[in-house]
Every structure is written in C-alpha cells, then in structure tokens.
Amino acid sequence: MAQIPVEIPRGLAARAALGSDWADWLDRLPQLVAALVEEWELRYDGPPRHGFASLVVPVQTPDRPAALKVTFDGDDESVHEGLALQHWGGRGAVQLLRADPHRRALLLERLHTEDLSGVWDIDACEIVAGAYARIHVPAVPQLRPLTSYLDSWNDGLANLPRDAPLPRRLVEHAVSLARSFSTDAASTGTLIHGDLHYANMLAADREPWLVVDPKPMSGDAHYEVAPLLWNRWEEMTHNVRDAIRRRFHTVVDTAGLDEDRARDWVVVRSLHNAFWTVDDARRLHEPIGAQGREWITRMIAVAKSVQG
C-alpha cells in the first residue's frame, strides 16, 4: 500500500533558504520517508519532529514502537551516527534497530520527548558525566580523528585579524593549546559523541536517560565537557563565572577527568566557536549582528571562567 508523504515541519522546511542542496533534499524528503516506511514495514505513529538537520518520525514496526530518523545528506558531522550507535549497542545510548547509510536513514528505539533541560543543571551535568564511562569506548577505525578537524579549525583562528572582537591574548592561548592537542596521541582513540549536552539525552523506558544524536569522532573524552557550559545560558543570571565553574567541576569530578586537560579543551572549543561567528560575518561581508556579538561574549565568558 502506498504511503502518504509525511508533512515536513515548518522549522525544518525553512532550511531550504540555506542553499540548493538543502532545498533539493527537502524536496526529496517526503517521498524518501514514504519509501522507507513501506520497505521497512512501518506505520506512522504521531507527528514528526526535527533537529537542525534531520527529521524524526514516530513509527510502529510489526513488533514495537520506534522512530525513523532521516538526516540531511550534506551533514558530514553525523555521517557515522549509525556506526557509533551500532558500536554502543544500546549501552547508555539509544538502540539502533536498522540503518540505511546510503539514504542516511536510521530506525531507532522510541524514546520520550523529555530531555535534561528541565533537570537542575548540576544534576543534569552529573547525569551526562555519568554517561561518559559507557560511551567513551575505543574508537572504530572508520571514524575521522578529532585532530584532523582541529588542524583546519585552528588555522582560521591563528589567522584572525588583530582587530577582531576577541581578546588577542586569549586567542593566542587557544591557538597554542590547540597546536599541542593536534600532536598529542591522547587527542584521538576514544569514541566521543562530539555534541553531548542537555538536549541530547532523552528519557526512556529501558533506562532513565539515553544518549542520542552523536556527531562521532575518534577523539578525547575531555573534549566533551564544553557544551554543558554554554548551553542553558539563560539560567546563569547572577554570577556567571561561579555558575560555569560549578558545572565544570561537577562534570570533571563525576567523570573522573583530568581538570587541566578538560579546561584546556573548553578554552579551545570556546575560541573556535567565537571565531566561526566572526568568520561567518566576514564571508557574508556583513557586520556581526547582535546575536553574533552575544554568542562571542558568551564564548569568551566560558573560556575565562574555567581558567580561574
């Protein structure tokens, strides 16, 4: 029986403005989902949701509830998502039921929509840090090494004009740290999530919380800490420095990480994030807008706070 094409949520449909590759994928997406639903003997079971670059459709298999996830085929960061989930085997992470790498399609265990955003941030940091031991396993050889990304990211930061709105001393410190990491054997070898924050752990029936949406690399466990510091920013309304440091030390202590190494990765990641905002404006020949300035300020605050 032919499947009715799924309706693309408005927020995801808006990505068509990002370029012809996005527009082409979005045009193909309803029929792609319909084909997968028919081939995998699925049945629609609720309204679709979406991330920045993916559509998630609740479905029923002949045996159980599940979720069909289809990711934008131009998203290089998540190209090995299925491989990571297969390697984890449901230990601490959502279970992979079926995959079609060519069509960037995954059939996943059905989880709840609740994430850690509603949990007190310190408790949430403990939950995320507690998951590290389960997902930070030896990396499979197909994964791209973190250092290969790092070299590219650091070149841009190192060549940042001196009049860029970033403290020069902090920029130079981050560049130096990144260069050290790029030649350090400990910077690779561990399967890391790459973007593990409050919204990327969901409530489940099988376990209280499970990791989702990896951007997997062969990297360093200490790389994972930073997103927990710059997300849920609106909650840090009083002493931002102390709030960041509480989160940082909670994660480091819970996961048993090396404090200095975790701190250095936070500095590197924060300055790279700030650089990308500056560089995006430069490439578009536009001034940095209010949102971009706020993001740069946030990244500087995170980097400075963890240093003392």
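Which residues in α4 meet which residues in α8?

Author: This is a predicted model, in which local features need pLDDT of at least 70 and side-chain atom pairs count only at pLDDT 80 or more, while totals for chains, interfaces and linings use all residues. Residues are numbered from 1 along each chain as its sequence is written, and side-chain values use heavy atoms, with hydrogens and water left out.

On the α4 side, the residues are Asp121, Ile122, Cys125, Glu126, Ala129, Gly130 and Tyr132. They meet Arg246, Arg247, Thr250, Val251, Thr254 and Ala255 in α8. By class, this contact holds 6 nonpolar, 3 polar and 4 charged residues. Here Ala, Val, Leu, Ile, Met, Phe, Trp, Tyr, Cys and Pro count as nonpolar, Asp, Glu, Lys and Arg as charged, and the others, Gly among them, as polar. Contact means heavy atoms within 4.5 Å. The element names refer to DSSP runs numbered from the N terminus: helices are H or I runs of at least four residues, and strands are E runs of at least two.

Two packed helices are described by the angle between their axes and the distance between the axes. For α4 (residues 121-135) and α8, the angle is about 35° and the axes are 8 Å apart. Axes are lines fitted to C-alpha atoms, for helices over the stretch in contact, and angles run from 0 to 180 degrees between N-to-C directions. The crossing of α4 and α8 is right-handed; that term applies if the near helix is turned clockwise from the far one by less than a right angle, and left-handed applies if it is turned anticlockwise.

Now α8 itself. It has 16 residues, and its first and last C-alpha atoms are 23 Å apart, close to the 22 Å expected at 1.5 Å a residue. The expected span is 1.5 Å times one less than the number of residues. Buried in α8 are Ala243, Ile244, Arg247, Phe248, Thr250, Val251 and Val252. Buried means under 20% relative accessible area, exposed over 50%, and partly exposed in between (1.4 Å probe, protein chains only). The buried residues of α8 pack against α4, α7, α9 and α10.

The partner α10 (residues 290-306) has 17 residues and reaches 25 Å from first C-alpha to last, close to an expected 24 Å. The axes of α8 and α10 come within 9 Å and cross at roughly 65°, so the two helices are roughly perpendicular. As cut-offs, angles under 35 degrees count as roughly parallel, over 145 as roughly antiparallel, 65 to 115 as roughly perpendicular, and the rest as oblique. This crossing, too, is right-handed. Arg241, Ile244, Arg245 and Phe248 of α8 meet Ala301, Val302, Ser305 and Val306 of α10. The contact has 5 nonpolar, 1 polar and 2 charged residues.

The buried residues of α10 include Ile296, Met299, Val302 and Val306, and Arg298 is also one of them. They pack against α6 (168-182), α7 (227-230), α8 (240-255) and α9 (259-283). After α10 comes Gly308, with a positive phi near 120°.

Two of those helices, α6 and α9, pack on each other at about 120°, with axes 9 Å apart. That angle makes α6 oblique to α9. Their crossing is left-handed. From α6, Leu170, Val171, His173, Ala174, Leu177, Ala178 and Phe181 take part; from α9, Arg261, Asp264, Trp265, Val267, Val268, Leu271 and His272. The classes are 10 nonpolar, 2 polar and 2 charged residues.

Among the buried residues of α5 are Tyr149, Trp153 and Leu157.

Last, two loop residues. Most residues other than glycine have a negative phi, and most peptide bonds are trans. Glu41, in the loop between α2 (20-39) and β1 (43-44), has a positive phi of about 55°. Its relative accessibility is 56%, so Glu41 counts as exposed. Arg104 also has a positive phi of about 55° and lies in the loop between β5 (96-100) and β6 (105-109). At 11% relative accessibility, Arg104 counts as buried.
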